[in-house]
Amino acid sequence: HSAKIASELIVDFYTKKTISRKELEKKYIQSWDYNFKKRLKTGRFLASLLQNKKKSAVIMWLLIQFPFLLPQIIKRTHGKSIILN
């Protein structure tokens with residue numbers, strides 16, 4: 001997904017020539033943060049919980065009791081599908 005973001009910005013940079021390289025880099029960072037920062041933070045939090053045996057057991061119990069939670073967790077860590085232009 002990050003490659004798609006970069007390639008689209010680079011194509012715009014070379015074909016439209018409406019932004020500078022510095023602006024291209026700024027837009028890439030903003031887009032990357034928007035698409036990945038929250039997901040990675042959530043993944044790190046979940047990983048820290050799952051590394052603890054007791055917390056991991058509680059999480060597994062919760063997921064068994066409330067199976068609708070698993071798709072929500074997946075959604076928050078995987079993001080949206082890539083749509084090709």
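Mentor: Start with a term: accessible areas come from the Shrake-Rupley method with a 1.4 Å probe, and for residues only the protein chains shown count as cover. This is a predicted model, in which local features need pLDDT of at least 70 and side-chain atom pairs count only at pLDDT 80 or more, while totals for chains, interfaces and linings use all residues. Residues are numbered from 1 along each chain as its sequence is written, and side-chain values use heavy atoms, with hydrogens and water left out.

Trainee: What share of the accessible surface of the protein chain belongs to carbon and sulfur atoms?

Mentor: The accessible surface of the chain comes to about 7,400 Å². Of that surface, the part belonging to carbon and sulfur atoms is 64%.

Trainee: What pLDDT does the protein chain average, and where is confidence highest?

Mentor: pLDDT is the predictor's confidence in each residue, from 0 to 100. The chain averages 90, and 98% of the residues score at least 70. Confidence is lowest in helix α4 (residues 69–78), at a mean of 89. It is highest, at 94, in helix α3 (residues 53–65).

Trainee: Which pattern does the protein chain follow along the sequence?

Mentor: Helices (H or I, at least four residues) and strands (E, at least two) are DSSP runs, numbered from the N terminus. The chain has four helices and zero strands. Read along the sequence, the pattern is α-α-α-α.

Trainee: Is the protein chain compact or spread out, and what is its radius of gyration?

Mentor: The radius of gyration is taken over C-alpha atoms, and the globule rule is 2.2 Å times the number of residues to the power 0.38. For 85 residues that rule gives 12 Å, and the chain is well over it, so it is more spread out than a compact globule. Along its principal axes, the C-alpha trace spans about 55 × 25 × 15 Å. The radius of gyration is 18 Å.

Trainee: How far apart are the end C-alpha atoms of helix α1?

Mentor: The expected span of a helix is 1.5 Å times one less than its number of residues. Helix α1 (residues 2–15) has 14 residues, so it should span 20 Å. The distance between its end C-alpha atoms agrees: 20 Å.

Trainee: Which helix do the buried residues of α1 pack against?

Mentor: Buried means under 20% relative accessible area, exposed over 50%, and partly exposed in between (1.4 Å probe, protein chains only). In α1, the buried residues are Lys 4, Ile 5, Leu 9 and Phe 13. Contact means heavy atoms within 4.5 Å. The partner is α2 (21–50).

Trainee: Is Ser 56 buried or exposed?

Mentor: Ser 56 lies in helix α3. Leaving aside neighbours within four places in sequence, Ser 56 is in contact with Leu 49 and Leu 50. Its relative accessible area is 18%, so Ser 56 is buried.

Trainee: Is Thr 15 buried or exposed?

Mentor: Thr 15 is in helix α1. With a relative accessible area of 58%, Thr 15 is exposed.
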